[in-house]
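Morning, everyone. Have the coordinates open while I talk.

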Amino acid sequence: MARDEQHWWRREALAMVVLAYPLVLTNLAQALIATTDVVLLGWAGPHPLAAASLGVNLVNACVFFGTGLVTAAAPMIARALGERSNAVRDVRRTVRQALWVSVTLVVPMWLLLWQAEPILLAFGQQPDLAHDAVKLVHPMMLGLLPLMGYYVLRAFVSALERPIWAFVIGVIAVLLNAVLNYALIFGRFGLPALGLFGAGLGSALSNLWMFVGLAVVVARHKRFRRYHLFGRWWRADWPRYRALWRLGLPIAVTVGLEVTIFNCAVFLMGLIGTPELAAHAVAIQLAALCFMIPLGLAQAATVRVGLAFGRGDAVGVGRAGAAALGLTMAVMACTATILLTLRHPLVAMFLASDTPAEAHVVSLAVSFLGVAALFQFFDGAQAVGAGMLRGLHDTFVPMLLALIGYWIVGLGTAVVLGFWLGWGGVGVWVGLAAGLATVAVLMVARWAMRDRQAG
């Protein structure tokens with residue numbers, strides 16, 4: 001029995017790693033695009049960095065909500081393939097309607113982001129920062145539609161357990177974004193110096209490349225082209241369209257609750273002061289890079305659990321979840337160690353400490369990373385827990401759990417510690433940690449009770 005136990009663990013863990021590592025690398029490539037922007041704007045000074053932090057977080061609230069919705073295609077495709085390995089028509093219907101959902105989402109997002117400045121002012125942000133943030137938001141929002149399309153196609157190649165192509169496209173996008181933003185922010189290679197506007201434009205062009213690049217792959221590669229994803233894409237399929245909304249909307253809200261609590265932390269930092277806001281922009285970017293690893297494992301868990309779920313294999317479902325959670329905890333032990341021991345050199349990559357003002361920002365960022373190191377395990381557990389539940393098409397209750405954890409426990413703790421007790425920025429970060437811990441416990445408990453739910 002012990003030998004059989006070791007055998008299934010090695011087999012499932014290997015399958016999870018093989019599927020997850022391109023997803024992790026793709027997520028890291030996506031995060032490196034934003035990290036590159038932060039580094040370059042950090043070179044421009046604390047004020048542009050603080051303004052960009054406000055603008056990027058407003059855009060990201062839309063991006064992650066949309067991502068959560070359209071990537072509902074992944075568990076739907078995985079379940080269909082688990083039920084029947086040659087479910088070509090069913091997969092094609094899901095992908096096409098996910099593209100329709102993308103268009104439906106992006107139009108109201110554009111209308112919302114066009115009003116970025118009054119929105120930021122309504123949240124009490126400094127008028128000069130709100131005004132400059134718009135310079136980044138308006139060009140950046142043009143990249144939302146191709147980005148949503150890219151996420152749909154990435155869900156498709158991931159569900160077919162061929163995510164390496166999304167990674168290749170993403171790596172090229174990182175390099176393209178770095179060159180474009182460097183040129184457009186500072187005026188290099190004969191291009192005008194556009195500052196924040198240039199950063200937003202470079203990111204939008206990089207998103208366009210990702211969609212076009214992956215679209216060419218799925219249209220021409222022999223593994224994907226038999227699905228004919230773009231043939232008659234204009235034909236409506238209202239039952240599948242509604243099914244995507246039913247499954248995806250709770251995912252989108254769950255992701256949105258998590259992302260917007262971090263966005264809310266940005267606004268709270270803006271109320272505390274510009275140094276805190278600039279330090280938060282650096283610390284959250286480093287924490288986001290670490291989060292890309294459990295996010296990739298969560299995406300792999302959704303596929304592996306979904307395939308077993310489609311086969312009606314309850315044992316396989318449990319093994320996929322156990323492998324995902326075990327691997328995630330091992331990885332988060334490493335990221336916590338890195339953040340705790342290398343805080344100063346990591347922050348130094350983004351910010352100089354040549355003046356007293358800059359040194360103060362560096363000191364704040366280092367202290368925020370100390371808190372980030374402590375919540376790594378919780379961040380990983382809540383991400384992979386949600387991913388496993390999505391593989392079972394269990395999305396509504398996890399949405400409610402996220403609401404309780406992030407916005408009641410997390411935000412409440414952040415406000416009490418940061419403002420009422422005077423902890424400042426560190427108090428806000430401790431509040432984020434409390435929210436993540438709560439959601440992690442609730443998600444894993446929900447997974448542990450999955451048999452009772454099915455009954």
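Terms before counts. A salt bridge here is a side-chain nitrogen of Lys or Arg within 4 Å of a carboxyl oxygen of Asp or Glu. Next, provenance. This is a predicted model, where local features need pLDDT of at least 70, side-chain atom pairs count only at pLDDT 80 or more, and totals for chains, interfaces and linings use all residues. Residues are numbered from 1 along each chain as its sequence is written, and side-chain values use heavy atoms, with hydrogens and water left out.

Now the layout. The protein chain splits into domain 1 (1–236) and domain 2 (268–452). Those bounds come from an automatic or database domain assignment. The C-alpha centres of the two domains are 20 Å apart.

How many residues of domain 1 are in contact with domain 2? Contact means heavy atoms within 4.5 Å. On that basis, 42 residues of domain 1 meet 37 residues of domain 2. The size of an interface is often given as the accessible area lost when the parts come together. Here, domain 1 and domain 2 bury about 3,500 Å² between them. Of that, 72% is on carbon and sulfur atoms. Buried area is the accessible area (1.4 Å probe) that two parts lose on being put together, summed over both.

And the polar side of that interface? Between domain 1 and domain 2 the count is one salt bridge. Two residue pairs are in polar contact between the domains, both at pLDDT 80 or more. A polar contact is a pair of N or O atoms within 3.5 Å; within protein, one must be able to donate a hydrogen and the other to accept it, and residues adjacent in sequence count only if both atoms are side-chain atoms.

Which elements supply the domain 1 side? Helices α1 (2–44), α2 (46–70), α3 (73–83) and α7 (144–159) each give at least two residues. Helix α1 gives the most, with 21 residues. Helices (H or I, at least four residues) and strands (E, at least two) are DSSP runs, numbered from the N terminus.

On to the charge pairs. Side chains of opposite charge can pair when their charged atoms come close. By the salt-bridge rule, the count comes to seven. Take Arg 304 with Glu 12: the closest N and O atoms are 3.1 Å apart. Arg 304 sits in helix α11 (residues 274–311) and Glu 12 in helix α1, so this pair ties together parts 292 residues apart in sequence. Is Glu 12 buried or exposed? Buried, with a relative accessible area of 10%. The cut-offs: buried is under 20% relative accessible area, exposed over 50%, partly exposed in between (1.4 Å probe, protein chains only).

Next, a network. Salt bridges link Asp 90, Arg 93, Asp 237 and Arg 240. Arg 93 pairs with Asp 90 at 3.9 Å between the closest N and O atoms. Both lie in helix α4 (residues 88–113), three residues apart, about one turn of the helix. Arg 93 also pairs with Asp 237, at 2.6 Å, N to O. Arg 93 is partly exposed at 22% relative accessibility. Asp 237 is buried at 15%.

Last, the serine. Ser 102 is in helix α4. Ser 102 counts as buried, at 1% relative accessibility. Leaving out residues up to four places away in sequence, Ser 102 touches Val 70, Leu 145, Met 148, Gly 149 and Val 152.
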